[in-house]
Amino acid sequence: MGKVAVAFAAAAVVAACSVAAVMVRRRVKSRRKWRSVVEILKELEEGCDTPVGRLRQVVDAMAVEMHAGLASEGGSKLKMLLTFVHELPKGTEKGTYYALHLGGTYFRILRVHLGGERSYLDVQDVERHPIPSHLMNSTSEVLFNFLAFSLERFIEKEGDGSSSQGVKRELAFTFSFPVKHSSISSGVLIKWTKGFEISEMVGRDIAECLQVALNTRGLDMHVAALVNDTVGALSLGYYHDPDTVVAVVFGTGSNACYLERTDAIIKSQGLLTTSGSMVVNMEWGNFWSSHLPRTSYDIDLDAESSNSNDMGFEKMIAGMYLGDIVRRVILRMSQESDIFGPSSSLLSEPYVLRTNLVSAMHEDDTPELQEVARILKDLGVSEVPLKVRKLVVKVCDVVTRRVGRLAAAGIAGILKKIGRDGSGGITSGRSRSENQMQRRTVVAVEGGLYMNYTMFREYMEEALVEILGEEVSQYVVVKAMEDGSSIGSALLVASSQ
Ligand code: BGC
């Protein structure tokens, strides 16, 4: 071989070696990056861990806080609000009633016709619209004019057939925010939640605001009840099944109500009702306990929210926040590695990853996780390998599992407070054998998170059995109440006539 050829061959070897070295370095680097992502996932799993022992601590804390909130005004972060609802619809109600429901994401209007027998409940013309986002921080005048206008349009479509001439239409206003009631049809707003911010409305009577707006438009409607969405769901549950004593909403926000004995509502001594009980709106979104598994993502989400240091439980379990927790985890992974390619500015936008997208990714059953790829692409993250898509699904799973399990602990806490968890309650000290016979207990559940996210539902139901045990959980029935908040509120008006 000539000198030139030798030099050429040597150069080729050197070049090949350096290419190989670069490739090895790249591989090592990418392995290191992958390792850092796996670390983030591991840390998330540990932070979201909810073994049954921990869930039981949350159950106890919930029951203790319920007692404290009933004992004195401000005695707990749980407000335990009186609703002045002490009779639930029995099934004999008759007539035509309307409901307007202002939720967190949607508002609904509907009409129900009741024929006097439980089986004759005719729900007509359900209208469901997204709440225009500008209304959430407008003025009370703008918000209530909009609601009155929407009702007017709804009624215009009816023609003359639905209301007899000269008879006012009776309306239930389902208002999914905390209200301090002075009667079933009046109450003042305590605070806004779920991103609403119309500060001048705090402290004002909500039913009156709506009535004034209806009168101004010349609408012949009477706001006959102001009802929390949980209370509406309880009413529909009870209408169908009188063993229903608890209702929970898992939607944009989250909350629960239940039927309590009036003598247990110590902060309102002397409260008398014909039934001896009253529905209490817990406002459990504000529940807090040191046993809740809180991660750095929860802390940041709270700090950056419009109501920081408030609604801590809601921010861990409700639909408005679930997606954003997942987004925060993916964002951190994308910042600490390049597995998502060049970082997408969209991912930094709060609330861009909505919970319905999380559920679509989590429940993607296509072999190549095409749905995950599509959603990530919409978030500005394209060409993500299958391995990374699987990682995203895992993040959705870890976060949603925690939500489902904490939701179950909340429900079990209520069952404990009312002595339906098989333990004899928290104050009695009775052992299980001494305890009265376990009674069938129905928990009515409503809200988009529960209705539309199968994996959430499954995690919740599985954890409830784990907490209560096989035997007791046979007596606890969780029942979905589609549109229960609105229909049930209309039923309440009917039963109070
Ligand atoms: C509100 C509750 C409501 C719940 C579910 C919470 O943000 O404070 O009043 O029941 O959302 O809609």
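Tyrosine 238 touches Leu88, Pro89 and Thr244 when residues up to four places away in sequence are not counted, contact being defined as heavy atoms within 4.5 Å. The structure is a predicted model, in which local features need pLDDT of at least 70 and side-chain atom pairs count only at pLDDT 80 or more, whereas totals for chains, interfaces and linings use all residues. Residues are numbered from 1 along each chain as its sequence is written, and side-chain values use heavy atoms, with hydrogens and water left out.

Tyrosine 238 is placed in helix 5 (residues 229-240); helices are DSSP runs (H or I, at least four residues) numbered from the N terminus. Between tyrosine 238 and leucine 88, the C-alpha to C-alpha distance is 6.7 Å, although 150 residues separate the two in sequence. Tyrosine 238 counts as partly exposed because its relative accessibility is 23%, the class lying between buried (under 20% relative accessible area) and exposed (over 50%), with a 1.4 Å probe and protein chains only.

By class, its shell has four nonpolar, six polar and four charged residues; Ala, Val, Leu, Ile, Met, Phe, Trp, Tyr, Cys and Pro count as nonpolar, Asp, Glu, Lys and Arg as charged, and the others, Gly among them, as polar. A polar side-chain atom of glutamate 283 lies 2.6 Å from a ligand oxygen atom, and a polar side-chain atom of threonine 193 lies 2.7 Å from an oxygen atom of the ligand. Of the 310 Å² of accessible area that the ligand has on its own, the protein covers 98% (Shrake-Rupley method, 1.4 Å probe).

Conventions. A polar contact is a pair of N or O atoms within 3.5 Å; within protein, one must be able to donate a hydrogen and the other to accept it, and residues adjacent in sequence count only if both atoms are side-chain atoms. Helices (H or I, at least four residues) and strands (E, at least two) are DSSP runs, numbered from the N terminus.
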